[in-house]
2 protein chains.
Amino acid sequence: MARPSAALRGRILDSSRRLFSERGYEATSLQEIASDVGCSKAALLYHFKNKDALLAELLTPVGQRLAELLEKVAPLDGEELVRTTVNDLVNSALEYRLEIRLLFEDLPRLPARPELNLLPDSTERLLDCLTGRSRDPRARVAASMVLAGVALTVSARDEAPVGGDGSDADLRHGLVEAALRALGQDL
Amino acid sequence: MARPSAALRGRILDSSRRLFSERGYEATSLQEIASDVGCSKAALLYHFKNKDALLAELLTPVGQRLAELLEKVAPLDGEELVRTTVNDLVNSALEYRLEIRLLFEDLPRLPARPELNLLPDSTERLLDCLTGRSRDPRARVAASMVLAGVALTVSARDEAPVGGDGSDADLRHGLVEAALRALGQDL
DNA sequence: GTCAGTGCTGACCGATCGGTCAGGTTACGG
DNA sequence: CCGTAACCTGACCGATCGGTCAGCACTGAC
């Protein structure tokens with residue numbers, strides 16, 4: 001076949017997202033992705049300049065989502081700021097379960113990634129919102145715990161994720177409630 | 001020199017702990033460790049059967065610590081159970097900052113590790129303790145968030161860790177308080 | 001003194017890594 | 001019906017991976 005599937009590109013992205021998330025970026029070889037997709041490694045590198053480009057394309061939407069979130073909550077403050085941030089954070093995390101793992105576990109370890117260096121700054125701003133822009137060190141620690149906890153919990157690898165029956169509703173509400181409690185917002 | 005330093009073994013462990021934690025297990029090569037220590041790769045493999053053995057030896061103490069923690073809180077229940085578990089969890093996490101990263105981020109991704117398969121079970125029991133042995137799905141979600149949040153926060157890579165000035169006291173107390181709030185324990 | 005054994009090195013191994021390249025096959029515009 | 005460009009393959013590259021091995025330097029026991 002000749003022009004059979006530019007859809008292959010999409011399938012490569014899907015496989016990469018899954019495999020990177022399961023095994024980690026470094027631990028996943030291009031050959032493994034190619035085998036999973038059912039194409040040659042060369043085909044893979046025809047669609048993506050290199051392994052890095054693959055990762056970047058997977059993470060871009062998450063970065064955008066984060067930017068939107070920050071923009072949306074920028075004018076808010078006080079209790080409304082915290083509640084909105086927590087809600088959106090949990091929703092975003094659930095939406096990008098697989099990418100979150102990459103973002104939290106692999107990215108920080110890869111040698112300084114020039115185009116994504118806005119990320120530490122975004123994380124900082126996110127922490128600010130979670131504290132309701134408080135500078136209290138302990139509030140920041142709590143925010144850090146919440147952020148990391150939400151991220152890692154939604155991306156927990158084993159099926160029957162963490163809630164008993166595994167319903168997303170329990171996961172979502174459980175996280176929001178626990179996060180708000182941790183941040184000192186009375187429910 | 002002939003019998004100059006069985007201390008080399010310890011230095012290898014130190015470097016491995018640091019490098020594994022910074023870059024990840026898969027992403028760290030034996031050569032990098034050897035260079036960091038200042039010995040040959042062969043010397044490294046003289047002291048440790050293989051790369052896996054190195055990782056196992058780093059994680060064993062953490063596993064023991066976790067087992068102790070679980071044994072200690074086993075007879076407790078109710079509020080005392082939760083408070084003691086949270087306190088000990090935070091202390092243990094602070095004590096094994098670097099190893100925690102490996103445990104939470106690398107281990108789950110490595111192909112099934114026979115000798116450490118007790119770990120998922122231990123995690124499960126730890127979650128039980130954090131919920132005060134409740135079976136409520138949302139309580140388990142909260143416990144999962146706390147566990148992941150504590151682990152990832154103490155092992156945050158960038159210096160000036162997460163608290164403003166970075167004092168361990170703020171980190172410790174901030175985490176304990178936030179965790180207890182998240183778990184619904186009134187302070 | 002010598003000899004067994006510990007601690008270590010450099011050279012080397014096959015496998016696999018990310019990535020390149022020449023070329024083949026098909027689809028489509030002219 | 002032909003040419004160009006898109007899509008893809010297999011063969012190949014140098015580098016590096018985890019790991020092995022023969023042998024050297026030195027120590028302590030006898």
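Over the ring of which residue does the charged end of Lys51(A) sit, and how many Å from its centre?

A: The charged end of Lys51(A) sits over the ring of Tyr25(A), 4.6 Å from the centre of that ring. A charge is said to sit over a ring if NZ of Lys or CZ of Arg is within 6 Å of the ring centre and within 35 degrees of the ring normal. In chain B, the charged end of Lys51(B) sits over the ring of Tyr25(B), again 4.6 Å from the centre.

Before going further, note that this is a predicted model, in which local features need pLDDT of at least 70 and side-chain atom pairs count only at pLDDT 80 or more, while totals for chains, interfaces and linings use all residues. Residues are numbered from 1 along each chain as its sequence is written, chains are lettered from A and ligands numbered from 1 in the order in which they are written, and side-chain values use heavy atoms, with hydrogens and water left out.

The same surface serves both, since 100% of the contact residues of chain B recur in chain A, where contact means heavy atoms within 4.5 Å.

Chain A has nine helices and zero strands, these being DSSP runs numbered from the N terminus (H or I for helices, at least four residues; E for strands, at least two). Of its 187 residues, 51% count as buried; buried means under 20% relative accessible area, exposed over 50%, and partly exposed in between, with a 1.4 Å probe and protein chains only. Among contacts in chain A between residues at least 6 apart in sequence, 67% join residues at least 24 apart. UniProt, in an unreviewed entry, places the feature "DNA-binding region" at residues 29-48 of chain A; such annotations may be inferred rather than shown by experiment, and their positions are given in the numbering used here, with feature names shortened. In the model this span is 75% helix and 0% strand, and its end C-alpha atoms lie 14 Å apart.

Helix α6 (residues 97-106) is mostly covered, with eight of its 10 residues buried, including Ile100(A), Leu102(A) and Phe104(A). One of the buried residues of this helix is Arg101(A), which, along with Arg97(A), is touched by Ser155(A) when residues up to four places away in sequence are not counted. Ser155(A) lies in the loop between α8 (137-154) and α9 (168-182) and is buried, with a relative accessible area of 6%. Its C-alpha atom is separated by 8.2 Å from that of Ala93(A), 62 residues apart along the chain. Asp88(A), in helix α5 (residues 78-95), is buried as well, at 16%, and is in contact with Leu69(A) and Lys72(A), leaving aside neighbours within four places in sequence.

In chain B, Leu58(B) belongs to helix α4 (residues 51-73) and counts as buried at 2% relative accessibility. Leaving aside neighbours within four places, its contacts include Leu13(B), Phe20(B) and Leu102(B).

In soluble globular proteins, nonpolar side chains tend to be buried together. The largest nonpolar core here holds 123 residues, and Val86(B) is among the members that touch the most others; such a core is a set of buried Ala, Val, Leu, Ile, Met, Phe, Trp, Tyr and Cys residues joined through side-chain atoms within 4.5 Å. Val86(B) touches Leu130(B), Val176(B) and Leu183(B), among others, not counting residues up to four places away in sequence.

Finally, Arg133(A) has a positive phi of about 60° although it is not a glycine. Arg133(A) lies in the loop between α7 (118-130) and α8 and is partly exposed, with a relative accessible area of 39%.
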